[in-house]
Structure formats: C-alpha cells, structure tokens
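Thanks, everyone. I'll keep this short: one structure, its sheet and its pocket. Have a look at the screen first.

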Amino acid sequence: MTLMRVGAIATQSAGCAGHETMKANDIFFPIAKACRSLAHKLESLGDTPLAGDGNFKFLVLGAGRGGTSLLNTCLTAHSGLRVEYEFAAKVLMGYPLCQPDTGCLFDERVKRFKAECLREAEKHRPLLWGNKLTTEQLYGLEDQNTFNPWTDVTARFFSEVVPEIKVIFILRDGRSCVASKVRRTGQPWVTAAFRWKYGVGVYKYLRERHGNNHCLKFEELLADPAGELRKVCAFLGVEFEDSMLHNTQDSIMPEEYRQPGFIKEKAKPAGIPEEVYRFIEDDLQYCGYV
C-alpha cells in the first residue's frame, strides 16, 4: 500500500465519523497530511527523467578490491574533474527504502539514485562530474529479481538509467581480487569469488553490448600509470595532468585504502584454494589472465 493511499484512507476515515468524532479527526487528519507530504517528496525524486544526464558525465566501476579506489584518487587529482566516492551507492542497495512496493523496486531505486547524482553534479559545474561505484553495489538492484520475474538488471541499468554516461571499468585478476576480499573483510571464499564473477558479468556486458566505455586492467595501471591514465583522459575528453600520478593517498578514500604510490607487487596473482580457482577459471580465461 502506497503512502498516498494511506493518506487517502486516513482522510476518508476521519471524514466519515461526523461531529461526534472530532478527536478522531484530530488524529487522522495530521496523519493523512504527513503521509501525503512524504509521498510527494519521494515521488519528486523520480521527477527527473532517466534520459538526460546534465553534468553527470561518467561512472568509474569495478569489483570491490579491484582497483576502483586507486583509479578514483588519480582522477580526483585532475583539475577538470569531480569524482565522488560511492555517492548514493546505498540507494542502489535499498537504503533507505523509498518504495515498499517490491514490484517497483528497481525503478524506484534507480530514479532516486539518478536524481541524487544529477543534483550533486549541478553543484560542481563546470567540472565534469563522475561517481565511483563497485559492482557489489550495483548488485543491490538484483533484489528486483528476488520478488519478481527475472529481468536483466545490468542491461536495464546501463541502457535505461545511464544511457549517455561514459563508463570506465577497471578489472583485476580474480585470484588477487578474491584473496584481497577475504583478507580485508573475512568473507567466505565462495562469497568473494561469486562477487568477482558478478563483476566480470558487468565487464562482459560493457565489452559486448555497450559502446560508450573504456576498460583497463589494474595490473596495467600499476605497470604504466601515466600511459593508462592518458588513455582514460582521452576517453573523457580532457588533457592528462601529472598531478594524477601523485594522489594515491587522497583523503577521499578510507584511510586503510590509501597507499604510497603505485605498488607493482600488487599485480602478482595471489594463491587461492583449488576449488575456488576452478569456480572462476572460465572467467579468468575470458579476461585474459590465464
């Protein structure tokens, strides 16, 4: 039941009682008014059409522990860019809940996400505004498929929500990415492996079905940061700046993610259990890691 409907019922209930129920009116009318007010606020978040992106120009995307934060800090140092760190990401994951109707779950979350991004981007003109997300956060939209017939969440997000926005995707060797997830968060190996595989699914979509993207590998960024960042800048239509090479400890990142420069040792594949390797082997091959 929507908030607007609750407000209407409250109003009707109060109106039917007549003069003998003034106390009920005193209770129901304020509730109805509050419900209608909150409903209008939530609906206004979806007033911004999904087509048309304003100053929201690009996304930085990749699996968690896959190099997104490092790339984010490099781009943040550019004088012509404004890159947020996981701005409104919780909206994609369902926090706060903005629509109790599970049938509209995907639509409500993406409308709110897009509206919040557009409003934030407008604050930073004339800089090109972008947002760094992880594929784990994008996975939050899969809640739609928990309650409804299956829909291709990845395809809908990129084709309906951000169709004109450039996507920069950074990919990391699954062995190292999965091992890093386990070390950092303590999550089970199979969970970490599944999350990396989901990220590869997004990568496949971008490579095979999305024309407005630039993909790079974490290992190549570590080996040749200037060369890789020049390619990213060319994709965004801005000039490369040397400052991008000296910002890996930017305060925009959580302190535990900051690092002194580009640590090439992180490019080495990590050891993982044999059963986990078999689980991700096909995707490692697709990505060119084995």
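**Pocket and sheet**

Let me start with the lining of the largest pocket. Helix H3 (68-76), E3, helix H6 (135-138), helix H9 (174-185) and helix H10 (189-209) each give at least two residues to that lining. Keep in mind that this is a predicted model.

Which element supplies the largest share of the lining? That is H9, with six residues.

Now the space itself. The largest pocket holds about 760 Å³. Its lining counts 36 residues. Nearest the centre are Gly-64, Arg-65, Gly-66, Thr-134 and Tyr-257.

E3 belongs to an open sheet of five strands. The order is E2-E3-E1-E4-E5, with parallel pairing. Strand E2 (81-85) sits at one edge and strand E5 (213-217) at the other; each pairs on one side only. On average, neighbouring strands are turned by 20° against each other, direction ignored.

Strand E4 (residues 166-171) pairs with E5 over five bridges, in the parallel sense.

Helix H5 (residues 105-122) lies across strand E1 (56-62), E2 and strand E3 (128-134). How does H5 run relative to E3? The angle is about 140°.

So much for the tour.

Notes. Residues numbered from 1 in each chain as written. Predicted model: local features only at pLDDT ≥ 70, side-chain atom pairs only at ≥ 80, totals over all residues. Heavy atoms only, no water. Pairing = 2+ DSSP bridges. Helix = DSSP H or I, 4+ residues; strand = E, 2+ residues; numbered from the N terminus. Axes fitted to C-alpha atoms, helices over the stretch in contact; angles between N-to-C directions. Contact = heavy atoms within 4.5 Å. 1 Å grid on protein atoms, 1.4 Å probe; cavity = no way out; pocket = protein on both sides within 12 Å on 5 of 7 lines; lining within 4 Å. Points joined across faces, edges and corners; volume = space filled by probe spheres on them.
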